[in-house]
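Today I shall speak about helix packing and aromatic rings.

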Amino acid sequence: MKRSATVLLTALAPVSWGTTYAVTSEILPPDRPLFTGLMRALPAGLVLLALARVLPRGVWWGKAAVLGALNIGAFFPLLFLSAYRLPGGLAAVVGSVGPLFVIGLSALLLGQRATTRAVLAALAAAFGVSLVVLKAAGALDTLGVLAALGSTASMSAGTVLTKRWGRPDGVGPLALTAWQLTAGGLIIAPVAFLVEGAPPALDAPAVGGYLYLSLANTAVAYWLWFRGIGGLTATQVTFLGPLSPLTAAVVGWAALGQTLTPLQLAGMVLAFGATVAGQLAPRAKASGAATRVAAGSFSSAERNGRKDSMDVTGPALRR
C-alpha cells in the first residue's frame, strides 16, 4: 500500500508537467524559452532552499551541481530548443524513449538487470505516445533531433545518478530538490541573458503563469519526482514520464478545443498500459542491491531497510 501511494504521488509530477505547454502557449510571453526555464527553476530552488535551510557539505557541492546540471540546467534549454525546432510533437516522441535510456543506465550503474518485459513496455510507451502527438511533418531538423536526444539523455542520467547517490545523512528530498533547482537555475541564467537579452515586460496573467510554473509545476512537482526516485527503482519512476504528454493531450482537448482522434485515444490507452506495466516490473535481485550497497549508492535510510527514498513531453514543452 505504501508503494502504491508513492507511485501515485510521484505520478502527479509528470501530470503537472503536462500542463506546461498550455500555460506557456496561452499565457506567457512568446519566444522566451530560456527565460521561462530560468523562471521555473531558480525561484523554485530558492523557495525550497529557504524552507529546507540546509546547504550541501563536502562532496555534495559537486554532486548537487552535477545533478542540477543534468536534471535542470542542461535539460530545460535542450528541451525548449527541440520544441522550437521540431514539428508536430516529434520532440515528445524522442523524449518518450527515456525509459530505454534509464533501463540501460540502471543496468550499468545500479546493477539492475534489464528485463524483456521492461524493454517491451518501454517500446510500447514510446509507440503509444507517438500515436498521440506525432503529426505529418516535412524534413527533420538535425539540431532539433540532437537537442531532443540530449535532453532525454540528460534527464535519464540525472534520474539514475539521483538514485545511485541517494542523499546525505539527515537530508530529506526537499533539500535535495532545492539544491538541484538552484544549481540548474544558476546554470541557465547566463545563457538566458546572453541569448535572449533582458527579461520581457510581464502583465498580470504572465506573472500568474510564472508563479504557477515555478511553485506547483516545478517546486512541488520536482520534489515529488525526487522523493519518488528514493522510494522506487529508477526504471519505475521513468515509466511515469509518458503521463506528461498524455496529460497535455487531455488539457489541449478540454481547455484549448483540440480534437482527439480514435487513433490518438488508442495511443493513450497503449501508453498508459505501458506505464502501468512499468510499475509491475520485478524488483532488482539481491545481488544487484548488494552491488549498490558496496558502491555506496544507498542513503543511510536505505541501509536501515527503509527505501525513503525533469518538460519530456509533447508537444515537447511539457516539463
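This is a predicted model: local features need pLDDT of at least 70, side-chain atom pairs count only at pLDDT 80 or more; totals for chains, interfaces and linings use all residues.

The crossing of α4 past α9 is left-handed.

Which residues in α4 and α9 meet? From α4, they include Trp 60, Lys 63, Val 66 and Leu 70. Their partners in α9 include Met 155, Ala 157, Leu 161 and Trp 165. The residues of this contact divide into nine nonpolar, five polar and one charged.

Let us now consider the aromatic rings. A pair of such rings is described by the distance of the centres and the angle of the planes. The count for this model comes to seven aromatic pairs. In one of them, the rings of Trp 60 and Trp 179 have centres 6.1 Å apart and planes at 50°, so the pair is tilted. Trp 60 lies in helix α4 and Trp 179 in helix α10, residues 173-196; the pair thus links distant parts of the chain, 119 residues apart.

Are these two residues buried or exposed? Buried means under 20% relative accessible area. Trp 60 has 7%, so Trp 60 is buried; Trp 179 has 4% and therefore also counts as buried.

Finally, one aromatic cluster is formed by Trp 17, Phe 75, Phe 76, Tyr 222, Trp 225 and Phe 226. Thank you for your attention.

Notes: Residues are numbered from 1 along each chain as its sequence is written. Side-chain values use heavy atoms; hydrogens and water are left out. A crossing is left-handed if the near helix is turned anticlockwise from the far one by less than a right angle, and right-handed if clockwise. Helices (H or I, at least four residues) and strands (E, at least two) are DSSP runs, numbered from the N terminus. Contact means heavy atoms within 4.5 Å. Ala, Val, Leu, Ile, Met, Phe, Trp, Tyr, Cys and Pro count as nonpolar, Asp, Glu, Lys and Arg as charged, and the others, Gly among them, as polar. Rings of Phe, Tyr and Trp (its six-membered ring) pair if their centres lie within 6.5 Å; planes under 30 degrees apart count as stacked, over 60 as edge-to-face and the rest as tilted. Buried means under 20% relative accessible area, exposed over 50%, partly exposed in between (1.4 Å probe, protein chains only).
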